[in-house]
Amino acid sequence: MQRKAYVPGAVVLLAALLAACTGSSGSGGAAEDSKAGSATTSAPAAQPGKYRTLSDACGAVSHDTLDSLLPGIKQIADQEQRDRAYAGEAAATYNNDRRSGCRWKAESPGATDHLFVDLERVVSYDNTVSDDSRAQEVYATKEKAANLPEPPSASATGASSAASGTATASAPPSPSASASGSASASDSANPSATETPTGLEPRTLDGLGDEAFLDDQLSTAEQRTVTVVFRTSNVIVTIEYDEQPATTTQAPDSKDMQDKARKLAQQLAGSLG
């Protein structure tokens, strides 16, 4: 008896099944590629910051500047000890391209001075947030923590001027009364006004990096600490300069310390490029 051949039919069925599977797989792959491409084009990566590396903080301050801020260094008789004082002490860090800090200290008969410089390169690990935007957030946190006093409002200034004019018209105040009145108004606006001269209170600064502020604090032991913080692109620089006088009879001069700290800040901002 002749046997029927079923092989060709099986082959046709197998081929049809393979074709169906191949078509389904190809369609799914195309859909995935399309989705990936669409996500990439709709959410491009944020721009990286201007700075990719950091300079060494201990080498960022010149000897002349250290002589100005820390006059006790020049008075060190031993050359080796003086060289170590100029070199400073590097702050511990896990990545010098992300953070670099350095401390200096010098004693003189009149006072003990300390200087700390911190360079921080901010990097955003969120592809949708640029390094600059992340640096702005970090800077804003530092400024908020400084708790700077609010600048006088235009309305308050106008009211003060009007009151002053009225007082002048009725009876010119004596110099002592004027000084007392000014101090009282300043004290009510800023509790630390008695510690920091008028016009030198903690405040934001113009013309230094993209944004900057200065803080000035005096302890009960007459130790004055001036802090300047500024941001340039994705790098934040912090300068802390303090002086402890040998005696507590007179506090360190606020203007002198602020001027020195701001001058150093301008030098560091220029070195960043």
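The expected span of a helix is 1.5 Å times one less than its number of residues. The model discussed here is a predicted one.

Q: What makes the span of helix α7 (residues 254-272) close to the expected one?
A: Helix α7 has 19 residues and reaches 27 Å from its first C-alpha to its last, which is close to the 27 Å expected at 1.5 Å a residue.

Q: Which residues of α7 are buried, and what covers them?
A: The buried residues are Ser254, Met257, Gln258, Lys260, Ala261, Leu264, Ala265, Leu268, Ala269 and Leu272, and what covers them includes α2, β3 (111-121), β4, β5, β6 and β7 (235-245).

Q: Why is strand β5 (residues 211-218) called largely enclosed?
A: Buried means under 20% relative accessible area, and 6 of the 8 residues of β5 are buried, so the strand is largely enclosed by the rest of the structure.

Q: How do you know that β5 pairs with strand β4 (residues 203-205) and with strand β6 (residues 224-232)?
A: Two strands pair if DSSP finds at least two bridges between them. Strands β4 and β5 are joined by 3 bridges and run antiparallel, with Leu205 standing opposite Ala212 in β5; β5 and β6 pair, also in the antiparallel sense, over 8 bridges, and Asp215 has Thr227 of β6 as its bridge partner.

Q: Which residues take a positive phi in the hairpins of β5?
A: In the hairpin of β4 and β5, which has 5 residues between the strands, Gly207 in the turn has a positive phi of about 75°. In the hairpin of β5 and β6, also with 5 residues between the strands, Glu222 has a positive phi near 65°.

Q: Why are Cys58 and Cys102 called a disulfide?
A: Their sulfur atoms are 2.1 Å apart, and because a disulfide is a pair of cysteine sulfur atoms within 2.5 Å, the pair qualifies. The link is right-handed, with 95° about the S-S bond. The pair links distant parts of the chain, 44 residues apart, with Cys58 in the loop between α1 (7-42) and α2 (63-69) and Cys102 in strand β2 (residues 99-107). Both cysteines are buried.

Methods:
Residues are numbered from 1 along each chain as its sequence is written. This is a predicted model: local features need pLDDT of at least 70, side-chain atom pairs count only at pLDDT 80 or more; totals for chains, interfaces and linings use all residues. Side-chain values use heavy atoms; hydrogens and water are left out. Buried means under 20% relative accessible area, exposed over 50%, partly exposed in between (1.4 Å probe, protein chains only). Helices (H or I, at least four residues) and strands (E, at least two) are DSSP runs, numbered from the N terminus. Contact means heavy atoms within 4.5 Å.
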